[in-house]
Amino acid sequence: PNGLIGYVLNVYTAPDHRKKGYARLLVERLVQEGKRFGATAINLNASPAGVGLYQQLGFNTLNDTAMRLLMP
């Protein structure tokens, strides 16, 4: 734990291009870059559609405490 944590904000694949491995390649590269920069973890909030991919890549489910206030 060095305090350096990566965070994936959004991964989106257009419907016509899903199930072709693009998201997997992107996330694998993000993990490589995180390691290169010395990150000790990578956090993300997965959509139901993405959970399986992230689990296959070694991500684990955490207690999610993410919160948001929408400003009027």
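How far apart should the ends of helix α1 (residues 22–36) be at 1.5 Å a residue, and what is the distance between its end C-alpha atoms? With 15 residues, α1 should span 21 Å, and its end C-alpha atoms do lie 21 Å apart, so expectation and model agree. Keep in mind as we go that this is a predicted model.

Let's stay with that helix for a moment and look around its axis. The buried residues of α1 are Ala23, Val27 and Gly34. Because they cover an arc of only 30° around the axis, they sit on the same side of α1. Part of what covers these buried residues is α2 (51–56). On the face turned away from the buried side, you will find the exposed residues Leu25, Lys35 and Arg36.

Now for the strands. β1 (residues 5–8) pairs with β2 (residues 41–44) in the parallel sense, over four bridges. Within this pairing, valine 8 stands opposite leucine 44 in β2. Taken together, β1, α1 and β2 form a β-α-β unit that is right-handed.

Finally, let's turn to the interior. The largest nonpolar core consists of five residues: Val8, Val27, Leu44, Tyr54 and Phe59. Val8 and Leu44 are the residues that stand opposite each other in the strands, while Val27 is one of the buried residues of α1. As for tyrosine 54, leaving aside residues up to four places away in sequence, it touches Val11, Val27, Leu44, Ala46 and Phe59.

Technical notes
Residues are numbered from 1 along each chain as its sequence is written. This is a predicted model: local features need pLDDT of at least 70, side-chain atom pairs count only at pLDDT 80 or more; totals for chains, interfaces and linings use all residues. Side-chain values use heavy atoms; hydrogens and water are left out. Helices (H or I, at least four residues) and strands (E, at least two) are DSSP runs, numbered from the N terminus. The expected span of a helix is 1.5 Å times one less than its number of residues. Buried means under 20% relative accessible area, exposed over 50%, partly exposed in between (1.4 Å probe, protein chains only). The arc is that of the directions from the helix axis to the C-beta atoms. Contact means heavy atoms within 4.5 Å. Two strands pair if DSSP finds at least two bridges between them. A crossover is right-handed if, with the strands pointing away from the viewer, the path from the first strand over the helix to the second runs clockwise. A nonpolar core is a set of buried Ala, Val, Leu, Ile, Met, Phe, Trp, Tyr and Cys residues joined through side-chain atoms within 4.5 Å.
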